[in-house]
Amino acid sequence: MSEQTVAQFLLHRLRQWDVERVFAYPGDGINGIVSAWSEGTEAPEFIQSRHEEMSAFEAVGYAKFTGKVGVCMGTSGPGAVHLLNGLYDAKLDHQPVVAIVGQTNRTAMGGSYQQEVDLHTLYKDVAGEYIQTVMAPEQLPNVLDRAMRTALSERAPTAIIIPLDVQEAEYSPPTHAFKMVPSSLGVSLPQVVADEEAVQRAAAILNEGEKVAILAGAGARGAREELAAVAETLGAGIAKALLGKDVIGDDLPYVTGSIGLLGTRPSYEMMRDCDTLLTIGSSFPYSQFLPEYDQARAVDIDIDARFVGMRYPYEENLVGDAKATLQALLPLLERKTDRKWRETIESNVTDWWEVMEAEAMVESDPINPLRLFSELSKRLPADAMVSADSGTAADWYARQLVFTSDVRGSLSGTLATMGPAVPYAIGAKFGHPERPAIAMVGDGAMQMNGMAELITITRYWERWTDPRLVVCVLHNNDLNQVTWEIRATEGAPTFLESQKLPEVSYADFAKSIGLGAITVKDPEEIGPAWDMALSADRPTVLDVHVDPDMPPIPPHATLQQAKDTAKSMLKGDPNLLGVMKQGIKTKAQEFLPHKDSKSQ
């Protein structure tokens, strides 16, 4: 083997791990690695974002939509700092991401040198599962291999730090000698099945229940058939945590949709009235939306013992893979002969979707944001990958979009950070270039970083087999989710200096850099605009002017929240009349009779 640098070996080793691309931004702390790219024919593809935080988000999106390790890279000092938000997103949503970070030369470390940051201290929380600095060439294979294996096995971000002079050093492998640590490639992870006796006890609990509710989270992904079979046998309904929206289709009559603050009324009612709860792969945090603590017997299934048994006083906590554990559970379950509970759930679900359609058609000025999502549901490609940003975009994503079985979707679930929707979509497209992607983004997040990442899309889209990537902007010049939260929880009116956004034409910006662009101000143009964007020959920005006064009313809004909102409006909220008008019209749809959609 010809002489090679540590940086060259790093890229070679990443390829051996089947890493196809690295989401990165250059800087002098990783110059050794960047220069190796220009010399390596088998190196992973270097995907340049506009900011290291976007690189991390793209790696998270890649991991979420492929199940593979996402790899991101940043320079020493500020580059390492910028990666943090995306890495915390990976940590809190349990995604395998490896961060490669530069550092100043070993000879300068500890000398307050330029861009020298104590990276172990900085990263010890976000990458606590595994973080290590490579101080000698012989150390690299073991450190990289462990970072990859740990990210996969623990479903967590890991980090390796490589000083610049180590990157530039000649690579030499570990020898068969004292204090050398050899390493090897690959890992075969086990399929974990819960303890047999525990499965039997869980089955007994579920068999005794008369009104069974299922809560499915992201951990249930890949167990769709088993999940449906359990629900059918037990006559249960399935509510979904936000990160579990794509684990099973919303078009099934017993799927009640999302749960919680962004949830649906059928999910709320099912949890309120059930006598048995089965949770699968979810650490849904809001226990007030689960049954009362003395109301239901409960079983939890999670592959990670650290997270099983949280949020509710579960009677049986099973540690195991969702698919394998449900397969073990199914033969022990008895089919419920009384289907009244299931029939009630299905009736509630049917009524809910009729209400959602009616709420989407409530007149607004200029456009009802619910209709934007409703019109997308009717046109959503069967293989679409949908990302949503934090804010009211997440509200409508959770409640309005009807996912069929093969649609994938995600957002920043636990960190709930602004800004990941567009980079998620980019990461998803690099993972599945043959599938269409759709990013639903508030204008606050769009101004924060989405506009910059349109430049990244412009740079790379022609490499994708399917060129369709639609960035849909909810254009209302308001940080709308926070506006509503302040009204509901603080009893305060809108503070314009904080909430109002400057006017920007997102369509004009997209057009100026060669992307497709459509501005929509008329509700009757929404459907045709979606048709154009979803059949375009290039990525397209939909700049949709929506009504900021359309309230994201939880179907179970409390009286105190309503009082606080009313008080805040009376204190001088500039949108008082619009909010009252839209709130009354929208909430009224839950109580008005609606035609059966099948008869329309």
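This is a predicted model: local features need pLDDT of at least 70, side-chain atom pairs count only at pLDDT 80 or more; totals for chains, interfaces and linings use all residues.
Ser267 is located in helix 10, which spans residues 265-273. The relative accessibility of Ser267 is 0%, so the residue counts as buried. Beyond its neighbours within four places in sequence, Ser267 is in contact with Ala239, Thr256, Gly257, Ser258 and Ile259. Two of these residues also take part in polar contacts with the side chain of Ser267: the backbone oxygen of Gly257 is reached at 3.1 Å, and the backbone oxygen of Ser258 lies 2.9 Å from a polar atom of that side chain. Between Ser267 and Gly257, the C-alpha to C-alpha distance is 6.5 Å, with a separation of 10 residues in sequence.

His545 belongs to strand 18, formed by residues 540-545. Its relative accessibility is 15%; because buried means under 20%, His545 is placed in that class. When neighbours within four places in sequence are set aside, the contacts of His545 comprise Pro366, Ile367, His475, Glu503, Thr519, Val520 and Lys521.

Two packed helices are described by the angle between their axes and the distance between the axes. For helix 12 (residues 340-360) and helix 13 (residues 369-377), the axes come within 8 Å and cross at roughly 125°. The two helices, helix 12 and helix 13, are therefore oblique to each other. The contact is made by Glu357, Glu359 and Ala360 of helix 12 with Leu370, Arg371 and Ser374 of helix 13. Sorted by class, the residues in this contact are 3 charged, 2 nonpolar and 1 polar.

Notes: Residues are numbered from 1 along each chain as its sequence is written. Side-chain values use heavy atoms; hydrogens and water are left out. Helices (H or I, at least four residues) and strands (E, at least two) are DSSP runs, numbered from the N terminus. Buried means under 20% relative accessible area, exposed over 50%, partly exposed in between (1.4 Å probe, protein chains only). Contact means heavy atoms within 4.5 Å. A polar contact is a pair of N or O atoms within 3.5 Å; within protein, one must be able to donate a hydrogen and the other to accept it, and residues adjacent in sequence count only if both atoms are side-chain atoms. Axes are lines fitted to C-alpha atoms, for helices over the stretch in contact, and angles run from 0 to 180 degrees between N-to-C directions. Angles under 35 degrees count as roughly parallel, over 145 as roughly antiparallel, 65 to 115 as roughly perpendicular and the rest as oblique. Ala, Val, Leu, Ile, Met, Phe, Trp, Tyr, Cys and Pro count as nonpolar, Asp, Glu, Lys and Arg as charged, and the others, Gly among them, as polar.
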